[in-house]
Amino acid sequence: MKLSNWQKAIGAGLLAQTIWGIAGPLVKIILYTVPPFSLLFLRCLFASLVLFGVYETKWSKKFSFSSIPFQDKKDIFWAGFYGVFLNIALYFWAQELTTVSDAWIISSSGTIFVVALSYLFLKERLSRTVYAGIGLAFLGTLVIIGTPLLKAGTGSLLGNVLMLGATLAASISTFYTKKVVSKYPPLLLTFFFFLISLIFISPFFLWEFTQFPLWISQLTFQSYLIIAYLVAGSSIGAYFLYNKSLVSLSPSIASTIAYSGAVISIGLSILFLNERLSIFFIIGTILIIVGLFLAEFRHPNHPIRKLKKRLAARS
């Protein structure tokens, strides 16, 4: 059976989220050895080096920097700045402080930002049920973020707030990426995103290295394997797949499948990092799930609704 472009896009998005979900516990482990800004610098550096070879071979003549229209340059810049530099820098900083479970359930609330931004910038009309769902999910996010104040969990208030900032940055990036992803190859955009981020993270890396210069000598074989996965999988592979999914999917639909990454990452953190879920985490998660269900299932572009329409059209 031949898959449609929409089905391929859903598959690409799910695969990207699976790669990122597996990376969740790995990031937590590697941050015990490598400081957050240094880890992002390594991801950007090696991803840029690998993709530069592809760029020179396939796209250097057709997509030279001077040939790209100014508006597209702006959109590519902001997509890379928000989606890689700001998103991952805040995420790594947050993950150093809080639990994998807290970080990823907060990241799943990014769908709420996308729905809200779709209303503001794309003028999508939303029902009262959607607004109620957004409010409920945001309340659940606040419960999880504030759990450390009640000393009822093992997360960090600062870490959870930083994770919320990372989630907002990723949501904003989605809209800029959507504007250019049909004009340029997804892998080429991935190269631009990490090259832009490499420029911005370099000063932070140099400052951090003066503070913690000995981490390089503490790298183990396991550390190298994790870094390799973060470069090849989470950086090059996942960003390429996510960009590819945005060719056929709207931002709100693309954000829907982010739940799969959260489920994988939280499950792995419980199994391998022995993380425990507090009662407030469970309450916050239930609020987020119910809120997202209301906000998205009632959304006219929800994947289940679109699938029903496709099936009805065939019958």
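**Figure 1. Helix H12 and the nonpolar patch.** Helix H12, which spans residues 279-297, gives the most to the nonpolar patch, with five residues. Keep in mind that what you're looking at is a predicted model. The whole patch covers about 540 Å² of surface and is made by Ile 270, Leu 277, Ile 279, Ile 282, Ile 283, Ile 286 and Val 290. Take Val 290 as an example: this residue lies in helix H12. Val 290 has a relative accessibility of 38%, so it counts as partly exposed. As a reminder about helices, an α-helix has 3.6 residues a turn, so residues three or four places apart point the same way.

**Figure 2. The chain as a whole.** Step back for a moment and you'll find 13 helices and zero strands in the chain. Of the 315 residues in the chain, 52% are buried. The chain exposes about 14900 Å², and carbon and sulfur atoms supply 71% of that area. Now look at contacts between residues with a separation of 6 or more: 87% of them come from residues 24 or more positions apart.

Figure 3. Is Ser 48 buried or exposed? Its relative accessible area is 5%, and because buried means under 20%, Ser 48 counts as buried. Setting aside the neighbours within four places in sequence, Ser 48 is in contact with Phe 191, Phe 194, Leu 195 and Leu 198. With Leu 195 there's a polar detail to look for: the backbone nitrogen of Leu 195 lies 3.5 Å from a polar atom of the Ser 48 side chain.

Figure 4. The structure holds 25 aromatic pairs, and the one shown here joins Trp 20 and Tyr 239 edge-to-face. A pair of aromatic rings is described by the distance of the centres and the angle of the planes. For Trp 20 and Tyr 239, that's 5.3 Å centre to centre and 80° between the planes. The pair links distant parts of the chain, with Trp 20 in helix H1 (residues 5-30) and Tyr 239 in helix H9 (residues 221-248), 219 residues apart. Both Trp 20 and Tyr 239 are buried.

Figure 5. How much cover do they have? Phe 77 is partly exposed, with a relative accessible area of 27%, and Trp 78 counts as partly exposed too, at 31% relative accessibility. These two belong to one aromatic cluster, formed by Phe 37, Phe 77, Trp 78, Phe 81, Tyr 82, Phe 85, Trp 93, Tyr 176, Phe 200 and Phe 204.

**Figure 6. Helix H4 under cover.** Helix H4, residues 100-107, is mostly covered. How many of its eight residues are buried? The count is seven: Val 100, Ser 101, Asp 102, Ala 103, Trp 104, Ile 105 and Ile 106.

**Figure 7. Tyr 32 in its loop.** Look between H1 and H2 and you'll spot the loop that holds Tyr 32. Tyr 32 is exposed, with a relative accessible area of 65%.

How values were computed:
Residues are numbered from 1 along each chain as its sequence is written. This is a predicted model: local features need pLDDT of at least 70, side-chain atom pairs count only at pLDDT 80 or more; totals for chains, interfaces and linings use all residues. Side-chain values use heavy atoms; hydrogens and water are left out. Patches are made of residues with over 30% relative accessible area and no salt bridge: like charges are joined within 9 Å, nonpolar side chains (Val, Leu, Ile, Met, Phe, Trp, Tyr) within 5 Å. Accessible areas come from the Shrake-Rupley method with a 1.4 Å probe; for residues, only the protein chains shown count as cover. A salt bridge is a side-chain nitrogen of Lys or Arg within 4 Å of a carboxyl oxygen of Asp or Glu. Helices (H or I, at least four residues) and strands (E, at least two) are DSSP runs, numbered from the N terminus. Buried means under 20% relative accessible area, exposed over 50%, partly exposed in between (1.4 Å probe, protein chains only). A polar contact is a pair of N or O atoms within 3.5 Å; within protein, one must be able to donate a hydrogen and the other to accept it, and residues adjacent in sequence count only if both atoms are side-chain atoms. Contact means heavy atoms within 4.5 Å. Rings of Phe, Tyr and Trp (its six-membered ring) pair if their centres lie within 6.5 Å; planes under 30 degrees apart count as stacked, over 60 as edge-to-face and the rest as tilted.
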